[in-house]
Amino acid sequence: MSQSPSVDLQARAQDLPALRTLLDDATRLGALHCEGAGLYADFSRQRVRLKDRDALLRFAEAQGLFTARDQLFQANQLNGTEERAVLHTALRRPKGAPPLWLEGENISEAIGEALARMAELADAIRSGRWRGATGASITDVLHIGIGGSYLGPALACEALGPPTGPTVHFLANVDGAAAQHVLADLDPTRTLLIIASKSFSTLETLVNAQTVRRWFLARGLSEGQLKHHCVAVTTNHSAAAAFGIPPEQCLPLWDWVGGRFSLWSPIGLPVALSHGMEAFQALLGGAHAMDEHFQHAAPEENLPVLLALFEYWNQQVLGTQSHAFLPYAEALTQLPAYLQQLEMESNGKSTTVAGAPVEGPTGTILWGTVGTNGQHATHQLLHQGTQPFSATFVLARRGAQGLADHHRWLRAHCIAQAEAFARGLTTEEAERALLAKGADPEAAARLAPHKRLPGNHPSNLLIVDQVDAESLGALLALHEHKVFCHGMLWGINSFDQWGVEFGKVLGDTLYAAQGETALAETLGLSARASLAAALGDGEAR
Ligand code: F6P
């Protein structure tokens with residue numbers, strides 16, 4: 001009986017050279033890079049040798065990763081605890097692809113119909129054919145949604161640059177300040193409301209939707225006129241109808257699309273409204289290209305597989321405790337937030353698919369800041385802190401039109417940071433640098449230890465040609481598949497989220513118990529009276 005794969009992998013770390021030593025091998029980049037779906041991945045700064053990579057690939061095979069990958073693209077039930085198939089990839093299959101059937105339904109047909117309705121709606125709004133209650137065309141869209149019903153559309157609308165159609169505004173948080181802020185400058189006669197909620201039961205979305213409904217009415221629209229200003233994206237059409245949105249203005253969602261995987265569904269409607277259906281189709285095309293790569297690329301050249309395996313190695317063998325996602329592209333400022341849900345809601349689990357406790361750390365604590373801004377905020381800890389971490393850098397070959405020098409600086413700093421994380425700076429090197437600048441030897445010896453950088457931090461460098469709909473689609477699909485592979489390595493279900501369900505129930509209970517006495521009774525805590533007193537009555541100021 002061979003030892004558990006992770007024990008074998010652990011043993012490999014015993015004689016693992018430092019990253020700066022591994023980087024002395026000039027052939028390293030040639031062996032540790034791969035390309036797919038328009039993305040180039042430089043894995044040379046991962047602290048692995050080729051033999052370790054090969055051991056990781058054998059481990060993936062032993063975990064059944066490649067078999068599960070093939071099942072992902074068929075209508076197999078991969079979300080066992082919710083008894084659902086996982087078919088977000090079906091949303092981006094090209095027209096003409098063989099139809100996909102699920103429980104007797106041709107879901108490819110349903111997806112095609114939904115895309116046609118999105119295209120029609122986008123054309124009606126963008127052409128001005130769709131008129132509001134007073135006959136005015138729509139200039140602004142207010143998208144209400146949270147989590148996967150918000151993060152994807154918000155990221156894509158920003159990443160694709162200035163809108164060529166209506167401006168899309170997003171409202172997610174239940175904090176009333178968010179609604180007040182977003183409504184302050186909107187004209188109800190020229191605003192289209194999208195209520196995006198797979199369940200149509202998420203409290204933040206429902207509370208915000210009711211407030212915006214009252215806003216429309218308070219600004220002169222009648223109940224009957226609301227239909228000119230509201231659409232919904234949901235699986236729960238009856239709840240939408242009860243809210244006053246007619247079926248013909250409800251776009252579909254399906255149970256086989258998880259919330260954090262739903263940008264490719266009508267949840268992505270804001271992209272079609274702000275940038276056109278062509279842009280949304282390009283987003284789908286980029287994601288499909290990554291699907292094809294994931295399905296067919298050899299394991300040692302497979303981007304999602306290698307991303308997952310190296311992250312597994314970093315956590316389980318090298319003990320990294322978080323992952324810094326650092327997009328050196330202003331257009332991708334919201335990408336870390338999107339990936340936080342994708343990674344942490346998918347793999348923040350402690351029970352295996354079989355129902356047993358997971359051994360060892362799972363999930364990736366992902367955080368990040370757009371480059372170069374992060375260099376002036378969080379990178380000090382990365383350079384000289386004590387906590388092991390890994391990182392991913394994203395860089396585009398082409399930057400802002402006509403500002404070539406800006407892009408040269410951006411690229412230079414991205415590479416410099418990756419190099420500094422990897423190689424670090426020894427005390428001796430720091431002292432030599434000080435002396436070379438003419439520092440007093442005693443002063444140099446005193447300061448040098450404070451200028452030491454431990455280094456040895458692994459990172460990926462992902463390069464796209466430019467940030468556009470297609471490369472964004474490929475980048476997001478890459479990380480969807482990486483999350484799937486990572487979950488497979490731990491044997492967990494990456495597609496349910498029972499933890500957040502519990503929090504919702506507890507929140508509902510406490511909401512019902514507002515007011516000092518009721519709150520104290522509900523909390524049942526020894527400090528309840530003081531907590532309730534501290535919280536006050538919860539009334540608006
Ligand atoms: O965070 C829990 C969650 O269910 C996410 O998975 C989902 O994206 C979000 O809340 C919003 O859910 P809904 O689209 O049903 O409003």
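T372 sits in the loop that runs between β11 (366-367) and α15 (379-384), where helices (H or I, at least four residues) and strands (E, at least two) are DSSP runs numbered from the N terminus. The model is a predicted one, in which local features need pLDDT of at least 70 and side-chain atom pairs count only at pLDDT 80 or more, while totals for chains, interfaces and linings use all residues. Residues are numbered from 1 along each chain as its sequence is written, and side-chain values use heavy atoms, with hydrogens and water left out.

The peptide bond leading from G371 into T372 is cis, with omega near 15°. F200 is found in the loop between β7 (191-196) and α9 (203-218).

Turning to the ligand, 13 residues surround it, and the closest are S149, S197, S199, T202 and E345; a residue counts as near if one of its heavy atoms lies within 4 Å. By class, this shell holds two nonpolar, eight polar and three charged residues, with Asp, Glu, Lys and Arg counted as charged, Ala, Val, Leu, Ile, Met, Phe, Trp, Tyr, Cys and Pro as nonpolar, and the others, Gly among them, as polar.

Polar contacts are pairs of N or O atoms within 3.5 Å. S149 places a polar side-chain atom 2.6 Å from an oxygen atom of the ligand, and for E345 a polar side-chain atom is likewise 2.6 Å from a ligand oxygen atom. In the side chain of K504, an N or O atom is 3.4 Å from an oxygen atom of the ligand. Of the 390 Å² of accessible area that the ligand has on its own, the protein covers 88% (Shrake-Rupley method, 1.4 Å probe). Two or more residues of the shell around the ligand come from each of α14 (335-347) and α20 (498-512).

At the level of the chain, the domain assignment, automatic or from a database, gives domain 1 (7-62 + 298-423 + 458-490), domain 2 (88-281) and domain 3 (498-540). The C-alpha centres of domain 1 and domain 3 are 40 Å apart.

Conventions:
A polar contact is a pair of N or O atoms within 3.5 Å; within protein, one must be able to donate a hydrogen and the other to accept it, and residues adjacent in sequence count only if both atoms are side-chain atoms.
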